[in-house]
Amino acid sequence: MKTWLPIIVGVVLILMGGLWALQGLGYVGGSVMSGAGQWVWIGLAVLIVGLLLAVPALLRIRRRL
């Protein structure tokens, strides 16, 4: 479980950050965030944090195999 937790949290952050960035760019509508440029940067920051959590954990699992 200790190894999978950063992967799960990282994937959730990647998905949330991607959605927020797309909303900020105006590709996903129906929200206050739609078309607001600040959400592009917030979304990208959250996405990068998710990558920084998930990728090293995935590499650790790969090395064990």
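## Basis of the model

The structure is a predicted model, in which local features need pLDDT of at least 70 and side-chain atom pairs count only at pLDDT 80 or more, while totals for chains, interfaces and linings use all residues. Residues are numbered from 1 along each chain as its sequence is written, and side-chain values use heavy atoms, with hydrogens and water left out.

## Contacts between the helices

The count comes to 1 aromatic pair, where rings of Phe, Tyr and Trp (its six-membered ring) pair if their centres lie within 6.5 Å, with planes under 30 degrees apart taken as stacked, over 60 as edge-to-face and the rest as tilted. Trp20 and Trp39 form this edge-to-face pair, at 5.6 Å centre to centre and with 70° between the planes. The pair links distant parts of the chain, 19 residues apart, since Trp20 lies in helix α1 (residues 4-25) and Trp39 in helix α2; helices are DSSP runs of H or I with at least four residues, numbered from the N terminus.

Trp20 has a relative accessible area of 22% and is therefore partly exposed, a class between buried (under 20%) and exposed (over 50%), using a 1.4 Å probe and protein chains only. Leu25, also placed in helix α1, counts as exposed at 52% relative accessibility. The C-alpha atoms of Leu25 and Gly37 are separated by 6.5 Å, although these residues are 12 apart along the chain.

## A positive surface patch

Lys2, Arg60, Arg63 and Arg64 gather on the surface in a patch of positive charge; such patches join like charges within 9 Å, from residues with over 30% relative accessible area and no salt bridge (a side-chain nitrogen of Lys or Arg within 4 Å of a carboxyl oxygen of Asp or Glu). Arg63, within helix α2 (residues 38-64), counts as exposed because its relative accessibility is 66%.

Definitions and conventions:
Patch = residues over 30% accessible without salt bridge, like charges linked within 9 Å, V, L, I, M, F, W, Y side chains within 5 Å. Areas by Shrake-Rupley, 256 points an atom, 1.4 Å probe, with all protein chains shown as cover. Lys, Arg positive; Asp, Glu negative; His and termini not counted. Charge placed at Lys NZ, Arg CZ, Asp CG, Glu CD. Helix = DSSP H or I, 4+ residues; strand = E, 2+ residues; numbered from the N terminus.
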